[in-house]
Structure formats: structure tokens, C-alpha cells
Amino acid sequence: MKQVVLQMEALTCPSCIKKIEGALGKMDGVEQAKVLFNSGKVKARFDDGKVSAEEIEGTVKKLGYPVLSKKVS
Amino acid sequence: MTGKQKAWITAVTGGLLALAIFFHFTGSQELKSSTLIVSTIIAGVPIALKALQALRMKAFSIELLVTIAVVGALFIGEYVESAAVTFLFLFGAYLEARTLEKTRKSLKDLIDMAPQEATVVRDGLERVIPADEVEAGDRVLIRTGGKVPVDGRVAGGRAHLNEAAITGESVPAAKADGDTVFSGTIVESGYLEVIAEKTGDDTTFARIIELVEEAQDSKTKTQQFLEKFANIYTPGIVILSIIVYLFTRNIELTLTFLVIACPGALVISAPVSIVAGIGNGAKNGVLFKGGESVEALAKIDTVVFDKTGTLTKGRPEVTAIDAFGGDAGELLRMIAAAETASEHHLGRTIVEEARNRGMIGLEQPEEVEIIKGHGLTAMVGGQRVIAGTRKLMAENGIGVTPEAEAAATAREKAGNTAIFAAVDGQLRGLISIADRVRPEAKDAIRSLRESGVKQIIMLTGDNRHAAALVGKQLGLDEVHAELLPEDKVAFVKKLKQDGRRVAMAGDGVNDAPAIATADIGIAMGAGGTDISMETADVVLMADRLDQFAHARLLAKATVRNMKQNTWFAVGTVFLLLAGVLLGKIFLASGMLIHELSVLIVILNAIRLVRYNGGKRKRKPEGVEPFGPQPAVAE
């Protein structure tokens, strides 16, 4: 189980939270996805056998949110 | 699309709108309409794109509603409305981003204090590396103006450190060999060599930031309620708009409903206040674990304090030296020299006092004999020194005059431990030691009372005499002494059963069970100990009681702010609905009111970032606000 933290641009509309959390939650291998609205971060715990941090980053980007940096631990 | 691009598009469409107004007054309707259409498309495409992206991920978005509304408006030829709605939507988002940034400013300021690089000694060479790459055990060098990049222990050099990043306290602290230093603190003067213990994400500083980030995103009950409301509101309005269309065939009214379906101000009203409040706390050394903690602290009516280390400094100090017919300084020097051989905390206190008074090069004591629980005897510079209890004096045949005895009793009644000091068979004086009440305690308690706390109680494991004295000095309502940790838990439980809302403040280690039992637990002077950071709901980072008072005032101000915002947002929603139903509000004005209401709640929350506890309103010194001294329960 790994964790990825994506730093995004400042989020403004709270509806983004549901959008991102929902989309990531539907990905196979993503255990838990959490959007920290106020610090503009997305935290996701995932099974690195099923999905990669890059794929998670890709989903967020496809939703229309630029990712500034990525940290996997 | 990045924020910059959005700002550009907003600016361009703003310009186009101005152009359209110009055409409107010059009467060229054709040009006006085409300008408006171009403007709608430029601003509308990014909105539609986002809606599509979300749709592809099977996610519903507000952008989708706005897109439908705009397309509809274009369809019925309402170009003014369509251009205004898209512009306002983007411009509103832009302004929100800018203002929201301000509510998050406190935390950002804190993050900006994070150390970036470190100078370490590896293979005998000084090397500058990114702070994240320092490993535990590395020797780190920090010069004047530099930031400590790790948590660790000083192993060389001395310096004055500004620890504001950790404690919120900007008065520099002196550090020397063996002292603990924290990442994020700044060397104001001096030079330090530090052995790294915790690095990167494990440092106290990194954990504070993570804790605050999580806290800012935790949801309060108010927030959960509002979100539930919003979850019903948005689909409800969408369905309503469909019904309206089916029955009235009024496209404009239908589209207006879509535009106001986003409950922006409502969803954001409570969180912005919490974010600003928690951020303010973090900057002042007060860590709230979440919005719930803020709400709970605002509601308490009873505060329970531990004594030692919370109301008092928790460190004994020499409070007086009575020299009988000699020089007090000389006596202290002599006794301190003898006590250098002692491991007892009272002995150490005396040695520390001598050092604090600048006495260096204390003589080496010889023939030291330590009498457990009573004191010691030693030879210092050829003179025989005896320091300790009355009993020790009697055993060594040293006479205690009635005057000396009276002086000792007086010191003891004032809460001190009196140490008798004899040199060469003569009683030469008394050294009094006490754990003093914190200097800021009285003001902090006054502030707590002014903020509506009805009862302030002290629980302590210490003896009745010492406890009663502290209670009297601080004007506490109740004092309960000689308690075990489980007694404290039982006491807090009983208060809660009586319907009180109880805050328990302690040092976070011994009092952890009672802190966990209370409605809200406050750990004091934690400086980042793991236990207290985990058990308590509120952690006061600096070892200062006035932070407690600030925390309470801040919590109340935050809750007040949140209530204002919530009522305002709810009011706006009903106003919008009524306006739409009465036919007074259309697409553009609906969007305008919506965006304005969002901005207003954010601006209101920004006030909290600068909140300082109304310090200007402080009562003038010397005013005794307590009234008659409350009885001390023995």
C-alpha cells in the first residue's frame, strides 16, 4: 500500500472535492482518496500492484486540474 | 487550464463586455450582439470543457449546469445574459481564488518557513544538501540567519533561536549543548552544530503542518449539515427547473434556476471561517485538531487545570535567600558548590540559581556525604558545609534560633521548601525554593472568565498546602489536592455528568487520561511531544498560559464568524429563490448575487486571519475583577 500526495493549484469550488474523490475512488486499486480542499492537495492510498501514481495523477489532470508536484511514499 | 490562463480569459471577456456596452450606447446593435456572442464563447468554452471532462469521468459538476444555462440563453437570443453569466462565473472564481488565498495565508506563511537546505558534515567535508536529504545522525551546521533543518540535539556552539515557527513565540530562546532544537526555527545570533534526530516529514514542524492541513479540512457538524442541505438543494433546484419548464414553457426562468442551483456561499460559509481560525491559531502556537475542537472550545463553561507545569512553571526556583548576618551571594556560592555533587532536584535548583547569577568556577566539594531525603554535608574550600532539613541540623548539633525557626516557618507557609544552610557549625541562612505560579497565569484566567468560563478548578497530586496557596493566588473557584491520575479522570467525568462542558488543561503526559476524558483536552507547552499531540484536541506549543486565553477567544470568534456566514448564506439562498420566483432575478443578476455572496462570506472570514483576541480592549492594570476572594476548598 502506497500513498501519493499531489499538490494542485488552489482549489476554489468545493464541488471539485466530490468530483476528484469520486473519480479516483472509482479507479481500480485506489483504496482511499481524499482532497484537502484548503491546502489544495489530493492524498490517495493505493495498491501499487494494481495502479500507479502516474495513473492517479493522469486522472486528476484529465478532470481538468493541473498537478504542480507529486510525492509518493 | 491554469489559473493564469483563466485570469487572461476573464480579462479579455471583461474587455469585450465593456466594448459591448460602448456599442450599446452608440446604437450599433449588430456589433453589440456579435461582441457578446464572441465573449460568451471565449468564456464559455473553458467552462464547457471542464463540464465535459467531469462528465467523461461520470462526475456531475456545476460547470455542467452553467453550460446548459448559457447554451440555452444563446438559443433564445439572450446574448447579454449569456455573456454576463460566463464572465461572472469566471471572474467570481478568480476573485474567490484570490480571496480564499488570504484565508489560507496563515498556513502558507508557516509552510514558507520550512527549511529548504542544510549544511552537513560528511566525510569531513561541509556540504549543502536539500533539507529532505539529511539523515538521522548527520552533523548539521547552522550559522547566524540560518534555519535549523532538522529536529535534533545541540552538539556544539551556542545560539539564540527564534522558535516562532513551532511555538508562535518570537522572543529568542538560548540554546547550548544538549538542548533540543526544532526544524523551522531560525538562528538569530550565534552558531550551532546539531546532531539530526528527526528529518524530513518526521520533524515536529512537518507534523504541525500536516496536522493543521488535516484540521482545516475536517468537517464540523455545521458543515456536515450544510453539505447535506447542498446535496438536496442542487438536485432539487434542477428538478424544479424541469418542472417549471414543463408547466410554464418559460425558458428564461428555467435557465435562471440552473444558474442559482450552485449553493456556493452555503457550502463554503462554514469552512472558510474554520480555515481562517485554525490558521490564525497555528501561527500563534495554538494547534486545533479540527473544526470540532474549535466549536467545542467555544462552548465550554468549566476549565480544569492541572497545577504543576500548567498553572505553575513546573520547575522549582530559588525564591529567596535569607542570610543571617552574612552576604547572601557568598552563602549561595558556598552551598551551590556543595550541591554540585547532588543529584537531587532541589540541589540542582540551587546550582542553577548560582549559574544564573553568573557565578562561574564553583569550587569542587570534597568529602561529600549525601543523607537521603535530608540533604548533604561536604567540605568546600576547607569549610564544612551542611545543607538540608531541620532534622539534619539537629543531627549535626547545629542550633536553630527561634528567629531562624520563625523565618523558616514563614517561608514554608508561603509555599516554599526552606533549606537550612550551615557553615562550620553555625546556621548561616535559609534558601527558599518554590515552584512559582506562571507570571501570565492571572491575566490568562481573567481573560478566560471574561470570555464566559463560569468555573475554574485546579486538580493536583501535590499537597494541600501548596495547592491551596496557588488557588488563592490565582483566585480559583475550587482546588482539589492529593489526587491520583484516576481521581482526576473521575472528577472530570462527574463534572460532565453534571451537565458541564469541561476543558481539561495539563502538560499532556501525566494528565493524558483526564485530557482524553474532558469534552476538550488541552495540552500545554508540548513543544511537540508525541503523546500530547495525539491525545489532546488543542495543543499549545509554547509553554505559555496566555495561549490558552487566545485559543478560547479565537474559538469563540471563529464560531461567531461561522454563524454569521451560515445565516448570510442561507438568507441569500432564500432571497435568490424568492427573487427568481417573483420574476425579479434573471440569469446575470442571479449569477451576480451568487458570486457576491460567496465573496462576502470569504471576506468576512479573512477578518479572522488578523484576529488578535481584542488585545486593545484589555482592562487597565491593577483592576481586580474577581470581586470577593472565592473560598478555597480544603
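**Close-up views of a predicted two-chain model**

**View 1. The loop between β14 (417-423) and β15 (426-437) of chain B holds B:D424.** In this predicted model, B:D424 has a positive phi of about 50° although it is not a glycine. With 10 other C-beta atoms within 10 Å, B:D424 is exposed.

**View 2. B:R249 lies in the loop between α8 (221-248) and α9 of chain B.**

**View 3. Helix α3 (residues 62-75) of chain B packs against helix α9 (residues 251-260) of chain B.** The axes of these two helices are 8 Å apart and meet at an angle of about 155°, and α3(B) and α9(B) are therefore roughly antiparallel to each other, since angles over 145 degrees are classed in that way. The crossing of α3(B) and α9(B) is left-handed. On the side of α3(B), the contact is made by B:L65, B:V66, B:I68, B:A69, B:G72 and B:A73, while α9(B) contributes B:I251, B:L255, B:L258 and B:V259. Sorted by class, the contact of α3(B) with α9(B) has 9 nonpolar residues and 1 polar residue, with no charged residues.

**View 4. Strand β12 (residues 375-380) of chain B pairs with β11(B) and also with β13(B).** Strand β11 (residues 366-371) of chain B and β12(B) pair in the antiparallel sense over 4 bridges, and B:T377 in β12(B) is the bridge partner of B:E369. These two strands form a hairpin with 3 residues between them, and in its turn B:G373 has a positive phi of about 80°. The pairing of β12(B) with strand β13 (residues 383-388) of chain B is likewise antiparallel, over 6 bridges, with B:L376 standing opposite B:A387 in β13(B). In the hairpin of β12(B) and β13(B), 2 residues lie between the strands, and B:G381 takes a positive phi near 55°. Of the 6 residues of β12(B), 5 are buried, so this strand is largely enclosed by the rest of the structure.

**View 5. In chain A, 4 strands form an open sheet in the order β2-β3-β1-β4.** The pairing in this sheet is antiparallel, and the edge strands, each of which pairs on one side only, are β2 (30-36) and β4 (67-72) of chain A. From one strand to the next, the twist averages 15°. Strand β1 (residues 2-8) of chain A pairs with β4(A) in the antiparallel sense over 5 bridges, and A:K70 in β4(A) is the bridge partner of A:L6. Helix α2 (residues 53-62) of chain A lies across β1, β2, β3 (41-46) and β4 of chain A, and runs at about 155° to β4(A).

**View 6. Chain B meets chain A through 25 residues of chain B and 18 residues of chain A.** On the side of chain B that touches chain A, at least two residues are supplied by each of α2 (29-56), α4 (79-103), α7 (204-217) and α10 (264-283) of chain B. The largest share of this side, 5 residues, comes from α4(B). By class, the residues of the side of chain B that touches chain A divide into 13 nonpolar, 6 polar and 6 charged.

Notes: Residues are numbered from 1 along each chain as its sequence is written. Chains are lettered from A and ligands numbered from 1 in the order in which they are written. This is a predicted model: local features need pLDDT of at least 70, side-chain atom pairs count only at pLDDT 80 or more; totals for chains, interfaces and linings use all residues. Two strands pair if DSSP finds at least two bridges between them. Axes are lines fitted to C-alpha atoms, for helices over the stretch in contact, and angles run from 0 to 180 degrees between N-to-C directions. Two residues are in contact if their C-beta atoms, placed from the backbone, lie within 7 Å. Angles under 35 degrees count as roughly parallel, over 145 as roughly antiparallel, 65 to 115 as roughly perpendicular and the rest as oblique. A crossing is left-handed if the near helix is turned anticlockwise from the far one by less than a right angle, and right-handed if clockwise. Ala, Val, Leu, Ile, Met, Phe, Trp, Tyr, Cys and Pro count as nonpolar, Asp, Glu, Lys and Arg as charged, and the others, Gly among them, as polar. A residue is buried if 20 or more other C-beta atoms lie within 10 Å of its own, exposed if 12 or fewer, and partly exposed in between; C-beta atoms are placed from the backbone.
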